[in-house]
Amino acid sequence: MPAVAVRSLPERALEALRRAGNPFRDYFARNPDDEVCARYHVPELFAKERQQLLAVVDLYRCTPGTHSEVVPILGNKGSGKTHLLHSIKHGPEGTWQLLVTPGTYQRDVDFLEYLLFQFIDTLLGGGRQKDARPLEFIGEQLLRGLLGKALDGLTPQERLELFPAAGLARWAQRFGLGGSQAQERTQWLIDRLARPAALPFQSGGVRRACEEAGLSAETACDLAVGYIDFSEAHNTAGLMRRHILIGFARAVLMGDEAELANFLTYGFAELDFKVQPSRQDLVLALFKVLMEVLRGLRIPVVMAFDQLEDLLLARRSDDVHRTAEAFFAGVVQAMHQLDGVCFLVFAERGLWNRFVPSLDGYIQDRLNNPIHLPDHGTIKTLRLEAPPPDLVRRIVEARLRPALEQLPDFSELPAIFPFAPEQIDRVARTEPTLRDMLQQFRHQFDHVVYGEGDERRTQLTDAASQPAGPINRLPVAEVFTPPTATPLPVEVKSVVVVQSPGTKPTGTRSVGDLWDQEMRSARRKLEPEGALTGATRELQAGLGAFLQLCHEHGVKVGPWRLCHVVPEWTFGEHPTYGALTIAHWVCKDGQPWKVGVGLFLGRGPAKPKDLTTKLSALDVEPTVVDHLILLRPEDDLGLTGKSKAVWQEAERRGRHARLEPASLDALATLYAFPRLLAAMQEALPEGQPLPNLADLLQEKCEKLLEQVCMPVQG
């Protein structure tokens, strides 16, 4: 009976690694929410810098009215800036803060308006920070205080009425008997709400406490709303604050987020003002009230601009110096207008040194203003350097561990298998950034794990004495394939070629993979009620970026092609609804049509206002828009009442406009588009332009292109 060959531990480990795929394939983070950062997080990486930044944030927690300041975090491309930001936003270190990470920069929009709608999008969206939705976390903290104060201010009789008894007990209450139980329940609920929320945070804590006390959610909501109406002032700021707090109360206790979303995008501009404020004054007033609400909870607001080079240089045809100057001037202006905002700017060192010295001296002074931190001294700028060899080794171990742990005896393997210590040390000492190191390990992994069998065995048995295999320094990695079966000697019974199912040892994620990941992320953020409304301006920016790229890459829709695009044009006095993208579509040798394309997302009472504002673009003189296309969620496409009357009046006056139904997938495409562009640009070698994406756009967005174009005759 022939002996059964027993494979050695290194051979089984290689098989496990081949099956799992190259763990160094994802060598860069697409954005601060990229799950790759959490999967391969090493707490020791940038631990000092993380503690310094969290200490800056804690200044605004301890003293909420602190003047707004900016902290630049500089590093070469690939140094780990996005990973550091991810660890602050999602990591277990520190307590919760509202961290806004804009995915776009709209140079032609008032900077404070741009910041406000980034704030609202983050607040209402489905994205999570430290595993909590911002709306849920902030709402829970607010309601704990508001409901506790409302209960504490009740008279004994009012407390008794909160818990109506049945049968004979009701008669006893009328004679003043049996009231002690109601008093005890009320006091128990007050004490329960006064406790800090348990960590990790779980939404619904206030509702559960009310249910345990026997208080219905409807009664609790009415009680909180009554207290808010009684306690808030009747000036403009008080009216805004009243609507915001009531919106949070209904969202937390009744699960109705629409009221808060409608007020933050529509209602704040419809208050009964004695003198109608300008668009800029409305934005500033709402922003100040939102900041005041969060300061009362001691929740810091952090505006973190990641990959600044991609934000500012997204439109390569722009004057980059003008764009950079507008951005930094906007940051300084916002620092003057708003207190309590911590600005973190993650920028490539070369870009910072290229633009900042040419700015106005006052702007430079504000950007370089030092911040004094207890236990950390004074900081002006944080610089990220390449990690030392011992830390690089831990990073390699973290990437290899998930695959090796599949083996029952993996503890007998070196933690850095299949690499040798000398290889890791050599890469750590010669490569300039963490990304370069990961790229080298990616190529070396392919060489060792997917290389030819004889070469692989030689490296494994004597890795320390052999020089490292050839390392691919090209920007685009080759595709390595597993060894193929070759003619064997007659005494060999069989050979097995192991291939990872559905896994290629490629160097970078394909554009299709990036597209799918960003789409999934966008859908998650847009699914909650109110998230779509809150993302109105972010969706409009995405629409502008989409049409701009279609123009630059020569996308055609039937006989129509784009000859000019204005990504975002603002008009009128409504901050939310007064924005369109203008696309000039031309057919053959004809005159171009100036087509305004916008998002029509207003709901309820906001619907006619949104429509009226958009249609007013057709009345601007000289003519800016010939034809108006409005994208409307497909679940609410019909026009009734005031909206129908407004539309019919526009038709009577000869205005050219049409409604197009937009699915959640189409809206997610627009929302994801700026982040997708940034991810694709980040994956390219420095200085290399994007490949032509016309085919990809027409494949993935065929219906959307038809909806934003002039009609195509069958």
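This is a predicted model: local features need pLDDT of at least 70, side-chain atom pairs count only at pLDDT 80 or more; totals for chains, interfaces and linings use all residues.
The place of P622 is in the loop between α26 and β12. Residues are numbered from 1 along each chain as its sequence is written, and side-chain values use heavy atoms, with hydrogens and water left out. Helices (H or I, at least four residues) and strands (E, at least two) are DSSP runs, numbered from the N terminus.

Now the sheet around that loop. Six strands make up an open sheet with mixed pairing, in the order β8-β9-β10-β11-β12-β13. Two strands count as paired if DSSP finds at least two bridges between them. At the edges are β8 (556–557) and β13 (656–662), each pairing on one side only. Inside the sheet, β9 (residues 560–570) and β10 (residues 579–587) are antiparallel partners over eight bridges. Opposite W569 stands L580 in β10.

Which helix lies across β10, β11, β12 and β13? That is α26, residues 606–615, and it runs at about 155 degrees to β12. Axes here are lines fitted to C-alpha atoms, for helices over the stretch in contact, and angles run from 0 to 180 degrees between N-to-C directions.

Next slide, the other sheet. Five strands form this open sheet, in the order β2-β3-β4-β1-β7, and the pairing is parallel. β2 (98–100) and β7 (382–383) stand at the edges with a single partner strand each, so one side of each is left without a neighbour in the sheet. Strand β3 (residues 301–305) and strand β4 (residues 341–348) run parallel and are joined by five bridges. V301 has V341 of β4 opposite.

On to helix packing. Helix α23 (residues 511–526) and helix α28 (residues 664–683) have axes that come within 8 Å and cross at roughly 125 degrees. That makes α23 oblique to α28; angles under 35 degrees count as roughly parallel, over 145 as roughly antiparallel, 65 to 115 as roughly perpendicular and the rest as oblique. Contact means heavy atoms within 4.5 Å. On the α23 side the contact includes V511, L514, W515 and E518, and on the α28 side it includes L664, D665, L667 and Y671. By class, the contact of α23 with α28 has 15 nonpolar, one polar and five charged residues. For the classes, Ala, Val, Leu, Ile, Met, Phe, Trp, Tyr, Cys and Pro count as nonpolar, Asp, Glu, Lys and Arg as charged, and the others, Gly among them, as polar.

A second pair is α1 (residues 9–20) with α19, whose axes come within 9 Å and cross at roughly 100 degrees. The two are therefore roughly perpendicular to each other. A13, A16, L17 and A20 of α1 meet L400, A403 and L404 of α19. What classes make up this contact of α1 with α19? Seven nonpolar residues, with no polar and no charged ones.

Aromatics, then. A search of the whole structure finds 19 aromatic pairs. Rings of Phe, Tyr and Trp (its six-membered ring) pair if their centres lie within 6.5 Å; planes under 30 degrees apart count as stacked, over 60 as edge-to-face and the rest as tilted. The rings of F111 and F327 have centres 5.9 Å apart and planes at 80 degrees, so this pair is edge-to-face. F111 is in α5 (residues 111–124) and F327 in α16 (residues 320–337), so the pair ties together parts that are 216 residues apart in sequence.

Last, two backbone points. A cis peptide bond also joins F417 and P418, with omega about 15 degrees, and P418 lies in the loop between α19 (389–404) and α20 (421–430). F46, in the loop between α2 (35–39) and α3 (47–62), has phi near 55 degrees, a positive value in a residue other than glycine.
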